[in-house]
Amino acid sequence: MISVATWNINSVRLRIDQVERFLAEQAPDVLCLQEIKCAEHLFPHEAFERAGYIHRAVHGQKGYHGVATVSRIPFRDFSKHDWQDNGEARHIGVELLGPGGGVIIENVYIPAGGDIPDREQNAKFGQKLDFLGRMTLWAESIERPTLIVGDFNVAPLECDVYDHKALLKVVSHTPIEVETLDTFRDAHGWVDLGRQFIPAPERNYSWWSYRSYWRQKDQGRRLDHMWASPSLAPQARAHRFVEETRRWEKPSDHVPLITEFAL
DNA sequence: ATGACACAGGTACTGTGA
C-alpha cells in the first residue's frame, strides 16, 4: 500500500513544524506541496531528511508560488511544465521507482485567476483558462498511469461550495472555469478521487478563507483535488481530507488530502 | 453586504492569494 498526500501549505518555511507534525501523524509515503513560497536553496531540506523523506524534487520560486514533492520511497524527476509560459513555478512531476514503480505523480498549482471573471478586464483570468487549456493538450497524450494532485483553484460541483448560486460569478466557481476544468478531465478520463470516495452532495471542503467571517460560518470550497488515470483509479483504496489542520494555530488556509493505493 | 486575513520581501508598503 502506498499513500500520497497533497497540501497547499502557504509558505513551507513558516509552517515547517506543522508539516513535520502532519508527516508524523499521517505518515504518507509521498507529500506534494504547493505555495512553498521560496527558492529551492531556501527549502527546509533538513527537516524532511530527518523525517525520512530523503527523496525530494523542488520547483521553487522567490516569494511566490512554488511546488515540491517529497517522498520516503524512491522516485526520479520526471518533468517541470510551465503551462503559462511565464516562468512561474507551478508544476513538478516525478516517476515512482520501486513500490508503485512506473506511476507518475504530477503536482500542480493552477493559477488563482484574480478577482474579475472576465479575460478582457482581467488578464489573470485568461491566464488561468489558458493554463487549463495547455494542460488539456498535454493530457491528451498521456500514456502512463498518472496521479495529478494539487490546488486546482476550481470548485467544480455545486456541492463543492457553501452557496452555489452566490458563487456563480466568483472566481473558482464560474461556469467557464468549470467547463474548462471538465474539458481537461475528459481529455484523459481523469477520475476525481475526492468524489469517488466522498460522493456528491456530501460536504468536503478543502479551503476556507482566512477572513474570519467565512471561517466561522463554514463557508468553504473544494479547491484541492486528487485525480487518477482510468488505469490507476481502481487501485485507490481510501481517501480522506485532514480537516483538523485548519484548526491548528496559524494554519494554512488549505487542508491536506490523502489517498491510499494498492500498489 | 464581497468588507473582514495572511504571506514574502524588505523595513513602507505592494503584490498576491481566491
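How much space lies in the largest pocket? The notes below start there.

1. The largest pocket holds about 900 Å³ of space. Here a pocket is an open set of points on a 1 Å grid over the protein atoms alone, with protein on both sides within 12 Å along at least five of seven lines. Its volume is the space filled by probe spheres set on the points, which are joined across faces, edges and corners. Please keep in mind that this is a predicted model, where local features need pLDDT of at least 70 and side-chain atom pairs count only at pLDDT 80 or more, while totals for chains, interfaces and linings use all residues. Residues are numbered from 1 along each chain as its sequence is written, and side-chain values use heavy atoms, with hydrogens and water left out.

2. The lining of this pocket comprises 32 residues (those with an atom within 4 Å of a point), and A112, G113, G114, D115 and N153 lie nearest the centre. They divide into 10 nonpolar, 11 polar and 11 charged, with Asp, Glu, Lys and Arg counted as charged, Ala, Val, Leu, Ile, Met, Phe, Trp, Tyr, Cys and Pro as nonpolar, and the others, Gly among them, as polar. Helix α3 (residues 123–139) gives the most to the lining, with 3 residues; helices are DSSP runs of H or I with at least four residues, and strands are E runs of at least two, numbered from the N terminus.

3. Now to the rings. Phe, Tyr and Trp (its six-membered ring) pair if their centres lie within 6.5 Å; planes under 30 degrees apart count as stacked, over 60 as edge-to-face and the rest as tilted. The count comes to 9 aromatic pairs. One of them, F152 with W227, is edge-to-face, at 5.1 Å centre to centre and 80° between the planes. F152 sits in the loop between β8 (146–151) and α4 (175–188), and W227 in strand β12 (residues 224–228), 75 residues apart.

4. Why do F152 and W227 count as buried? Buried means under 20% relative accessible area (1.4 Å probe, protein chains only); F152 is at 0% and W227 at 2%. W227 also forms a stacked pair with F184, 5.7 Å centre to centre and 20° between the planes. That pair joins helix α4 to strand β12 across 43 residues, and F184 is buried too.

5. Ring pairs link W83, F131, W138, F152, F184, W190 and W227 into a cluster.

6. Finally, the UniProt record (unreviewed entry) annotates residues 5–254 as "domain: Endonuclease/exonuclease/phosphatase"; such annotations may be inferred rather than shown by experiment. This span is 23% helix and 24% strand, and its end C-alpha atoms lie 13 Å apart.

Terms used: Chains are lettered from A and ligands numbered from 1 in the order in which they are written. Buried means under 20% relative accessible area, exposed over 50%, partly exposed in between (1.4 Å probe, protein chains only). On a 1 Å grid over the protein atoms alone, a cavity is a set of points where a 1.4 Å probe fits but cannot get out, and a pocket is an open set with protein on both sides within 12 Å along at least five of seven lines; lining residues have an atom within 4 Å of a point.
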